[in-house]
Amino acid sequence: MTNQPRKINHAGEPKRGQPIKIKGKRVIANPIRHQSKAEVKPISGKSRPSRPSSQPSLEIKPTEINSTEDNDLIYGRHPVLSALENQRNLNRLWITTRLRYDPRFHHLILQAKDNGTVIDEVEPKRLDQITDGANHQGIAAQVAPYDYTELEDLITQSKSVADPVIVVADGITDPHNLGAIIRTAEAIGAQGLVIPQRRAAGITSTVVKVAAGALENFSVARVVNLSRSLEQLKEAGFWIYGTAATGSEPLHTVKFSGPTVLVIGGEGEGLSMLTQRSCDVLVSIPLQGKTPSLNASVAAGMALYEIYRQRSLNTHYLDKLPTFSLKK
(Lines give C-alpha, C1' and ligand atoms only; values in the text may rest on other atoms or scores of the structure.)
Protein backbone atom coordinates (compact mmCIF):
# COMPACT_ATOMS: atom_id res chain seq x y z
CA MET A 1 0.00 0.00 0.00
CA THR A 2 1.50 3.32 -1.02
CA ASN A 3 1.64 6.19 1.44
CA GLN A 4 -0.37 9.21 0.30
CA PRO A 5 1.05 12.67 1.08
CA ARG A 6 -0.81 14.53 3.82
CA LYS A 7 -1.93 18.12 3.47
CA ILE A 8 -0.66 20.32 6.29
CA ASN A 9 -2.88 23.20 7.47
CA HIS A 10 -1.34 25.92 9.61
CA ALA A 11 -3.07 26.84 12.84
CA GLY A 12 -5.66 29.55 12.47
CA GLU A 13 -5.79 29.21 8.70
CA PRO A 14 -9.15 28.19 7.25
CA LYS A 15 -9.09 25.25 4.91
CA ARG A 16 -8.63 26.27 1.30
CA GLY A 17 -11.90 26.22 -0.58
CA GLN A 18 -14.17 26.02 2.54
CA PRO A 19 -17.14 28.46 2.59
CA ILE A 20 -17.36 31.15 5.29
CA LYS A 21 -20.55 33.12 5.99
CA ILE A 22 -20.08 36.86 6.46
CA LYS A 23 -23.26 38.92 7.02
CA GLY A 24 -25.40 36.57 5.11
CA LYS A 25 -23.06 36.33 2.15
CA ARG A 26 -21.25 33.17 1.10
CA VAL A 27 -17.52 33.80 0.60
CA ILE A 28 -14.80 31.30 -0.27
CA ALA A 29 -11.70 31.71 1.91
CA ASN A 30 -8.39 31.48 0.04
CA PRO A 31 -9.99 30.55 -3.27
CA ILE A 32 -7.98 28.35 -5.59
CA ARG A 33 -6.43 30.58 -8.26
CA HIS A 34 -6.91 29.15 -11.71
CA GLN A 35 -4.20 29.89 -14.25
CA SER A 36 -5.09 32.37 -16.92
CA LYS A 37 -5.07 31.31 -20.53
CA ALA A 38 -1.66 32.89 -21.05
CA GLU A 39 -0.18 30.79 -18.21
CA VAL A 40 -1.50 27.43 -19.40
CA LYS A 41 0.94 25.58 -21.59
CA PRO A 42 -0.64 23.70 -24.49
CA ILE A 43 -0.61 19.92 -24.10
CA SER A 44 -0.82 17.93 -27.27
CA GLY A 45 -3.78 15.59 -27.53
CA LYS A 46 -5.89 17.45 -24.92
CA SER A 47 -8.67 19.89 -25.66
CA ARG A 48 -8.43 23.48 -24.47
CA PRO A 49 -11.18 25.11 -22.39
CA SER A 50 -13.25 27.60 -24.34
CA ARG A 51 -12.42 31.31 -24.00
CA PRO A 52 -15.09 33.99 -23.62
CA SER A 53 -15.40 35.92 -26.86
CA SER A 54 -14.96 39.26 -25.04
CA GLN A 55 -11.32 38.50 -24.15
CA PRO A 56 -8.54 38.91 -26.71
CA SER A 57 -6.89 35.68 -27.80
CA LEU A 58 -3.36 35.07 -26.54
CA GLU A 59 -2.94 31.76 -28.33
CA ILE A 60 0.29 31.46 -30.33
CA LYS A 61 0.00 29.56 -33.55
CA PRO A 62 2.60 26.85 -34.16
CA THR A 63 3.84 28.67 -37.27
CA GLU A 64 4.66 31.73 -35.16
CA ILE A 65 6.98 29.85 -32.80
CA ASN A 66 10.65 30.14 -33.73
CA SER A 67 12.76 27.17 -32.66
CA THR A 68 16.53 27.46 -32.84
CA GLU A 69 16.76 23.79 -33.75
CA ASP A 70 13.72 23.47 -36.06
CA ASN A 71 14.54 26.36 -38.41
CA ASP A 72 18.13 27.26 -37.62
CA LEU A 73 20.39 29.85 -39.14
CA ILE A 74 23.95 29.29 -40.31
CA TYR A 75 26.19 32.01 -41.69
CA GLY A 76 29.71 32.48 -42.91
CA ARG A 77 31.24 31.33 -46.18
CA HIS A 78 32.74 28.05 -45.02
CA PRO A 79 29.72 26.65 -43.10
CA VAL A 80 27.25 27.60 -45.85
CA LEU A 81 29.59 26.37 -48.60
CA SER A 82 29.89 23.00 -46.86
CA ALA A 83 26.10 22.80 -46.53
CA LEU A 84 25.69 23.57 -50.25
CA GLU A 85 28.35 21.08 -51.31
CA ASN A 86 26.71 18.31 -49.28
CA GLN A 87 23.24 19.27 -50.58
CA ARG A 88 21.86 19.88 -47.12
CA ASN A 89 18.19 20.85 -47.09
CA LEU A 90 18.10 24.67 -47.01
CA ASN A 91 14.82 26.52 -46.70
CA ARG A 92 16.18 29.95 -47.62
CA LEU A 93 19.48 31.52 -48.60
CA TRP A 94 20.46 35.18 -48.24
CA ILE A 95 23.51 36.27 -50.20
CA THR A 96 25.05 39.49 -51.45
CA THR A 97 25.08 40.10 -55.20
CA ARG A 98 28.87 40.12 -55.30
CA LEU A 99 29.18 36.73 -53.59
CA ARG A 100 26.38 35.06 -55.54
CA TYR A 101 28.41 35.12 -58.75
CA ASP A 102 31.58 33.97 -57.03
CA PRO A 103 32.75 30.79 -58.85
CA ARG A 104 32.77 28.86 -55.57
CA PHE A 105 29.08 29.54 -54.96
CA HIS A 106 27.37 30.21 -58.28
CA HIS A 107 26.72 26.68 -59.56
CA LEU A 108 25.94 25.40 -56.04
CA ILE A 109 23.34 28.14 -55.59
CA LEU A 110 21.71 27.22 -58.90
CA GLN A 111 21.58 23.60 -57.74
CA ALA A 112 20.05 24.60 -54.40
CA LYS A 113 17.46 26.70 -56.22
CA ASP A 114 16.49 23.68 -58.34
CA ASN A 115 16.02 21.73 -55.08
CA GLY A 116 13.52 24.29 -53.78
CA THR A 117 15.69 26.70 -51.79
CA VAL A 118 14.50 30.33 -51.91
CA ILE A 119 17.42 32.56 -52.97
CA ASP A 120 17.39 36.20 -51.85
CA GLU A 121 19.98 38.73 -53.05
CA VAL A 122 20.30 41.26 -50.25
CA GLU A 123 22.48 44.12 -49.11
CA PRO A 124 25.03 43.55 -46.35
CA LYS A 125 22.88 45.64 -43.98
CA ARG A 126 20.03 43.18 -44.39
CA LEU A 127 22.36 40.31 -43.48
CA ASP A 128 23.45 42.29 -40.42
CA GLN A 129 19.81 42.34 -39.33
CA ILE A 130 19.20 38.66 -40.07
CA THR A 131 22.30 37.48 -38.21
CA ASP A 132 21.99 40.04 -35.40
CA GLY A 133 25.26 41.72 -36.34
CA ALA A 134 27.34 38.54 -36.58
CA ASN A 135 30.28 38.06 -38.94
CA HIS A 136 28.20 36.63 -41.81
CA GLN A 137 30.80 37.25 -44.57
CA GLY A 138 28.03 38.04 -47.06
CA ILE A 139 25.96 34.87 -46.79
CA ALA A 140 23.46 33.17 -44.46
CA ALA A 141 21.05 30.26 -44.77
CA GLN A 142 18.04 28.90 -42.92
CA VAL A 143 18.41 25.16 -42.63
CA ALA A 144 15.91 22.42 -41.94
CA PRO A 145 16.11 20.55 -38.60
CA TYR A 146 19.35 18.66 -38.10
CA ASP A 147 18.97 15.03 -39.09
CA TYR A 148 20.36 13.06 -36.15
CA THR A 149 21.67 9.56 -36.77
CA GLU A 150 20.29 6.56 -34.89
CA LEU A 151 22.86 5.01 -32.54
CA GLU A 152 22.50 1.64 -34.26
CA ASP A 153 23.27 3.23 -37.62
CA LEU A 154 26.27 5.07 -36.16
CA ILE A 155 27.67 1.80 -34.80
CA THR A 156 27.18 0.13 -38.19
CA GLN A 157 28.85 3.02 -40.03
CA SER A 158 31.81 3.09 -37.64
CA LYS A 159 32.43 -0.63 -37.99
CA SER A 160 33.25 -0.06 -41.68
CA VAL A 161 36.73 1.10 -40.61
CA ALA A 162 39.34 -0.65 -38.51
CA ASP A 163 39.46 0.38 -34.84
CA PRO A 164 36.79 3.10 -34.99
CA VAL A 165 36.55 5.94 -32.47
CA ILE A 166 33.29 7.43 -31.25
CA VAL A 167 33.13 10.47 -28.95
CA VAL A 168 30.42 10.75 -26.29
CA ALA A 169 29.66 14.17 -24.78
CA ASP A 170 28.14 13.79 -21.31
CA GLY A 171 26.21 17.00 -20.61
CA ILE A 172 28.08 19.57 -22.72
CA THR A 173 25.85 22.65 -22.41
CA ASP A 174 27.99 25.25 -24.18
CA PRO A 175 27.38 25.12 -27.95
CA HIS A 176 30.85 26.59 -28.56
CA ASN A 177 32.43 23.64 -26.73
CA LEU A 178 30.24 21.16 -28.59
CA GLY A 179 31.10 22.71 -31.95
CA ALA A 180 34.82 22.68 -31.14
CA ILE A 181 34.66 19.01 -30.09
CA ILE A 182 32.92 18.11 -33.36
CA ARG A 183 35.47 20.04 -35.42
CA THR A 184 38.41 18.36 -33.69
CA ALA A 185 36.87 14.89 -33.75
CA GLU A 186 36.07 15.04 -37.46
CA ALA A 187 39.46 16.53 -38.35
CA ILE A 188 41.40 13.89 -36.45
CA GLY A 189 39.39 11.00 -37.89
CA ALA A 190 36.69 9.98 -35.38
CA GLN A 191 33.59 8.31 -36.79
CA GLY A 192 30.85 10.14 -34.88
CA LEU A 193 29.47 11.73 -31.73
CA VAL A 194 26.80 10.73 -29.20
CA ILE A 195 24.98 13.36 -27.11
CA PRO A 196 22.15 13.03 -24.56
CA GLN A 197 18.75 14.46 -25.37
CA ARG A 198 18.28 16.19 -22.01
CA ARG A 199 20.42 18.73 -20.16
CA ALA A 200 22.84 19.15 -23.05
CA ALA A 201 23.29 21.33 -26.08
CA GLY A 202 21.90 20.10 -29.38
CA ILE A 203 23.00 20.94 -32.90
CA THR A 204 22.23 24.66 -33.23
CA SER A 205 23.48 27.38 -35.54
CA THR A 206 26.25 28.21 -33.08
CA VAL A 207 27.44 24.59 -33.10
CA VAL A 208 27.35 24.52 -36.90
CA LYS A 209 29.29 27.79 -37.09
CA VAL A 210 32.00 26.69 -34.63
CA ALA A 211 32.28 23.27 -36.27
CA ALA A 212 33.21 25.11 -39.50
CA GLY A 213 31.66 22.60 -41.90
CA ALA A 214 32.67 19.44 -40.03
CA LEU A 215 29.03 18.44 -39.45
CA GLU A 216 28.49 17.88 -43.14
CA ASN A 217 30.83 14.87 -42.94
CA PHE A 218 30.24 13.79 -39.35
CA SER A 219 27.36 11.83 -37.80
CA VAL A 220 25.76 12.81 -34.49
CA ALA A 221 23.40 10.53 -32.57
CA ARG A 222 21.09 11.92 -29.90
CA VAL A 223 19.98 9.41 -27.28
CA VAL A 224 17.45 9.41 -24.45
CA ASN A 225 19.40 7.21 -22.02
CA LEU A 226 23.16 7.75 -22.14
CA SER A 227 24.02 4.91 -19.74
CA ARG A 228 22.01 2.42 -21.78
CA SER A 229 23.71 3.68 -24.95
CA LEU A 230 27.14 3.09 -23.42
CA GLU A 231 26.10 -0.48 -22.60
CA GLN A 232 24.93 -0.86 -26.18
CA LEU A 233 28.34 0.31 -27.41
CA LYS A 234 30.01 -2.23 -25.10
CA GLU A 235 27.86 -4.99 -26.55
CA ALA A 236 29.03 -3.88 -30.01
CA GLY A 237 32.67 -4.44 -28.95
CA PHE A 238 33.73 -0.91 -27.95
CA TRP A 239 35.92 -0.13 -24.94
CA ILE A 240 34.67 2.88 -22.96
CA TYR A 241 37.27 5.41 -21.76
CA GLY A 242 36.03 8.31 -19.62
CA THR A 243 38.00 11.48 -18.90
CA ALA A 244 37.92 12.53 -15.26
CA ALA A 245 40.08 14.77 -13.08
CA THR A 246 40.33 11.98 -10.55
CA GLY A 247 40.91 9.29 -13.16
CA SER A 248 42.90 6.28 -12.10
CA GLU A 249 45.20 6.20 -15.15
CA PRO A 250 47.23 9.06 -16.68
CA LEU A 251 46.33 9.50 -20.33
CA HIS A 252 49.77 8.73 -21.75
CA THR A 253 50.01 5.42 -19.83
CA VAL A 254 46.76 3.98 -21.21
CA LYS A 255 47.00 1.75 -24.27
CA PHE A 256 44.10 2.50 -26.60
CA SER A 257 43.37 -0.40 -28.91
CA GLY A 258 40.37 -1.78 -30.77
CA PRO A 259 37.03 0.03 -31.15
CA THR A 260 37.15 2.96 -28.74
CA VAL A 261 34.61 5.29 -27.14
CA LEU A 262 35.96 8.49 -25.55
CA VAL A 263 33.57 10.08 -23.04
CA ILE A 264 33.99 13.80 -22.30
CA GLY A 265 32.34 15.31 -19.22
CA GLY A 266 30.35 18.52 -19.09
CA GLU A 267 31.61 21.93 -18.05
CA GLY A 268 32.15 22.20 -14.32
CA GLU A 269 30.47 18.94 -13.31
CA GLY A 270 32.55 16.56 -15.43
CA LEU A 271 31.32 13.00 -15.83
CA SER A 272 28.28 12.02 -13.81
CA MET A 273 28.73 9.16 -11.35
CA LEU A 274 26.37 6.99 -13.41
CA THR A 275 28.47 7.57 -16.52
CA GLN A 276 31.70 6.88 -14.64
CA ARG A 277 30.33 3.51 -13.55
CA SER A 278 29.60 2.70 -17.19
CA CYS A 279 33.22 3.31 -18.24
CA ASP A 280 35.78 0.53 -18.51
CA VAL A 281 38.70 2.85 -17.74
CA LEU A 282 38.88 6.37 -16.30
CA VAL A 283 41.77 8.46 -17.59
CA SER A 284 43.15 11.82 -16.49
CA ILE A 285 45.33 14.43 -18.16
CA PRO A 286 48.27 15.27 -15.85
CA LEU A 287 48.59 19.02 -15.23
CA GLN A 288 51.74 20.74 -13.99
CA GLY A 289 50.46 24.29 -13.52
CA LYS A 290 48.12 25.79 -10.95
CA THR A 291 45.06 25.63 -13.20
CA PRO A 292 42.98 22.74 -11.81
CA SER A 293 41.19 21.66 -15.00
CA LEU A 294 40.96 22.08 -18.76
CA ASN A 295 38.21 23.26 -21.06
CA ALA A 296 36.06 20.33 -22.24
CA SER A 297 36.89 20.82 -25.91
CA VAL A 298 40.62 21.14 -25.15
CA ALA A 299 40.58 17.95 -23.08
CA ALA A 300 38.76 16.17 -25.90
CA GLY A 301 41.37 17.32 -28.41
CA MET A 302 44.29 16.17 -26.27
CA ALA A 303 42.73 12.76 -25.60
CA LEU A 304 41.82 12.22 -29.25
CA TYR A 305 45.33 13.14 -30.35
CA GLU A 306 46.82 10.63 -27.92
CA ILE A 307 44.54 7.89 -29.26
CA TYR A 308 45.57 8.51 -32.85
CA ARG A 309 49.22 9.10 -31.94
CA GLN A 310 49.39 5.61 -30.47
CA ARG A 311 47.70 4.10 -33.49
CA SER A 312 50.00 5.87 -35.93
CA LEU A 313 52.97 4.28 -34.16
CA ASN A 314 51.46 0.86 -34.83
CA THR A 315 50.78 1.62 -38.49
CA HIS A 316 53.45 0.62 -40.96
CA TYR A 317 53.54 2.46 -44.28
CA LEU A 318 54.96 0.42 -47.16
CA ASP A 319 56.61 3.41 -48.83
CA LYS A 320 58.50 4.20 -45.63
CA LEU A 321 59.74 0.71 -44.76
CA PRO A 322 63.51 0.27 -44.95
CA THR A 323 64.76 -1.47 -48.08
CA PHE A 324 67.44 -4.13 -48.11
CA SER A 325 69.72 -4.96 -50.98
CA LEU A 326 70.22 -8.61 -51.92
CA LYS A 327 73.55 -7.86 -53.59
CA LYS A 328 76.69 -9.06 -51.86
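**Close-up views of a predicted protein chain**

The protein chain holds ten helices and 13 strands; helices (H or I, at least four residues) and strands (E, at least two) are DSSP runs, numbered from the N terminus. This is a predicted model, in which local features need pLDDT of at least 70, side-chain atom pairs count only at pLDDT 80 or more, and totals for chains, interfaces and linings use all residues. Residues are numbered from 1 along each chain as its sequence is written, and side-chain values use heavy atoms, with hydrogens and water left out.

View 1. Of the 328 residues in the protein chain, 39% are buried. Here buried means under 20% relative accessible area, exposed over 50%, and partly exposed in between (1.4 Å probe, protein chains only). Take the contacts (heavy atoms within 4.5 Å) between residues at least 6 apart in sequence: 74% of them join residues at least 24 apart.

**View 2. Strand S13 meets two partners.** Two strands pair if DSSP finds at least two bridges between them. Strand S10 (residues 239–243) runs parallel to strand S13 (residues 281–284), and three bridges join them. Strand S11 (residues 249–250) also runs parallel to S13, with two bridges.

**View 3. The largest pocket opens up.** A 1 Å grid over the protein atoms alone is used to find such spaces: a pocket is an open set of points with protein on both sides within 12 Å along at least five of seven lines, whereas a cavity is a set where a 1.4 Å probe fits but cannot get out; lining residues have an atom within 4 Å of a point. Grid points are joined across faces, edges and corners, and a volume is the space filled by probe spheres set on the points. The largest pocket has a volume of about 480 Å³. Its lining counts 23 residues, with Ala-244, Ala-245, Gly-270, Ser-293 and Leu-294 nearest the centre. Strand S12 (260–265), S13 and helix H10 (296–313) are the elements that give two or more residues to this lining. By class, the lining has eleven nonpolar, ten polar and two charged residues. In this scheme Ala, Val, Leu, Ile, Met, Phe, Trp, Tyr, Cys and Pro count as nonpolar, Asp, Glu, Lys and Arg as charged, and the others, Gly among them, as polar.

**View 4. The second largest pocket brings in helix H8.** This pocket holds about 340 Å³ of space. Asp-170, Pro-196, Arg-198, Arg-199 and Leu-226 lie nearest its centre, among 13 lining residues. Helix H8 (226–235) and helix H9 (273–278) each supply at least two residues of the lining. The buried residues of H8 include Leu-226 and Leu-233, and the helix is followed by Gly-237, whose phi is positive, near 100°.

**View 5. Thr-131 sits in a loop.** Thr-131 lies between helix H4 (124–130) and strand S6 (139–143). Thr-131 counts as buried because its relative accessibility is 8%. Leaving aside neighbours within four places in sequence, Thr-131 is in contact with Leu-73, Tyr-75, His-136 and Ala-140. Its C-alpha atom is separated by 7.9 Å from that of Leu-73, 58 residues apart along the chain.

View 6. Find Ala-212 between helix H7 (205–211) and strand S9 (219–223). Not counting residues up to four places away in sequence, Ala-212 touches His-78 and Arg-183.
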